Amino acid sequence: MRIKVLGAAAGGGLPQWNCACTNCSAVRNNEPNIRARSQSQLAVAAENDSWFLVNASPDLRDQLIGYPDLHPNSKNHLRDTPVAGVILTSADLDHVLGLLLMREFTPVRIYATRPVISILKKNSFFQMLDRLPGQSRWTTIEPGVSFHLGQNLICTPIALSGSLPAYVREEDRADLDLTGATIGVLLEEVNGARIAYLPALSSVSPSLKELLCTCSAILIDGTFWSDDELQRIQPGTPLSRSMGHLPISGQDGSLSTLRDLNGPRKIYTHINNTNPILNEQSSERQQVDDAGWEVAWDGQEITI
């Protein structure tokens, strides 16, 4: 299985356009111990050189341009793409805005749960994906129910607790089932190699931890180092947990909760621009390194 990390940052990327925090300033100043990152995006290869995207970030156009494996093949057709489909883990803007960049009449299959499809189809912007019959092929998926991506790749949605995006209208919320509003995905080859991708993780249940133990690699939520990370920078901003992100540090943070997870390769992704682990010389980064974790970066390739 081939995996490409097209983007490793949380919403806003690094540097964020309106932010002069330590990390954003360091990137703008070309300091050597930190690198720029675009917004969270994953691509996984199936057979016959086809690729599936997990989510569709606002940076999707540049991410696709940056990787030749994802370029169209002009030998086949004038309009062509190796991108066979997109799997959505939520309806958060950071995960779906890139779909609007895929509206140029090339058919694309979109895999999403019922609440995510309902949210997007009620938004007039996303009607641009259905201007022609069959332009967007919406496929409903359910937590715990596996489906095939081609012949050799199997995807299983993982149910996670989460909330609806803030842009969902109040009158629409009562009709939406939170089950499946936020999911992770388990990607598995028929030979048994598997990875888990969970860019928004609010907690780790015993059953989820048991599942992660069976993986060859996990890429999980590394959005914030601490629960009050944003509040310490700008008072009045929300806590990490209230935004659906388990912080890395702390007694019940992901670093402690998963400290005995020794089997899989462990990678933090979806990292906020304020997170000190982005600085390769920080003490926080040293703690992550010492615990056997990696910090994802744009262009990282993983082969299982």
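A: A salt bridge joins the side chains of Arg169 and Glu171, with N and O 3.6 Å apart; the term requires a side-chain nitrogen of Lys or Arg within 4 Å of a carboxyl oxygen of Asp or Glu. Arg169 is partly exposed at a relative accessible area of 47%, whereas Glu171 is exposed at 52%. Here buried stands for under 20% relative accessible area, exposed for over 50%, and partly exposed for what falls in between, with a 1.4 Å probe and protein chains only. Elsewhere, salt bridges with shared partners connect Arg2, Lys4, Asp69 and Glu301 in one network.

The model is predicted, so local features need pLDDT of at least 70 and side-chain atom pairs count only at pLDDT 80 or more, while totals for chains, interfaces and linings use all residues. Numbering runs from 1 along each chain as its sequence is written, and side-chain values use heavy atoms, with hydrogens and water left out.

The count of salt bridges by this rule is 17. One of them pairs Arg2 with Asp69 at 2.7 Å, N to O. Arg2 belongs to strand β1 (residues 2–7) and Asp69 to the loop between α2 and β4 (83–87), so this pair links distant parts of the chain, 67 residues apart. Helices (H or I, at least four residues) and strands (E, at least two) are DSSP runs, numbered from the N terminus. Both partners are partly exposed: Arg2 has a relative accessible area of 35%, and Asp69 has 34%.

Asp69 also forms a salt bridge with Lys4, where the closest N and O atoms are 3.4 Å apart. Because Lys4 lies in strand β1 and Asp69 in the loop between α2 and β4, this pair ties together parts 65 residues apart in sequence. Lys4 counts as buried, at 5% relative accessibility.

Next, the spaces. On a 1 Å grid over the protein atoms alone, a cavity is a set of points where a 1.4 Å probe fits but cannot get out; a pocket is an open set with protein on both sides within 12 Å along at least five of seven lines, and lining residues have an atom within 4 Å of a point. Points are joined across faces, edges and corners, and a volume is the space filled by probe spheres set on them.

The largest pocket holds about 810 Å³. Its lining has 34 residues, and Gly11, Asp94, Phe224, Met243 and His245 lie nearest its centre. Two or more lining residues come from each of α3 and α7 (229–233), and α3 gives the most, with three. By class, this lining has 13 nonpolar, 19 polar and two charged residues; Ala, Val, Leu, Ile, Met, Phe, Trp, Tyr, Cys and Pro count as nonpolar, Asp, Glu, Lys and Arg as charged, and the others, Gly among them, as polar.

The second largest pocket holds about 570 Å³ and is lined by 19 residues, with Leu64, Asp80, Thr81, Leu101 and Glu104 nearest its centre. Helix α2 (residues 60–65) gives the most to that lining, with four residues. The lining divides into 12 nonpolar, three polar and four charged residues.

There is one cavity of 30 Å³ or more. Thr89, Ser90, Asp92, His95, Thr182, Ile183, Pro199 and Ala200 line the largest cavity, of which three are nonpolar, four polar and one charged.
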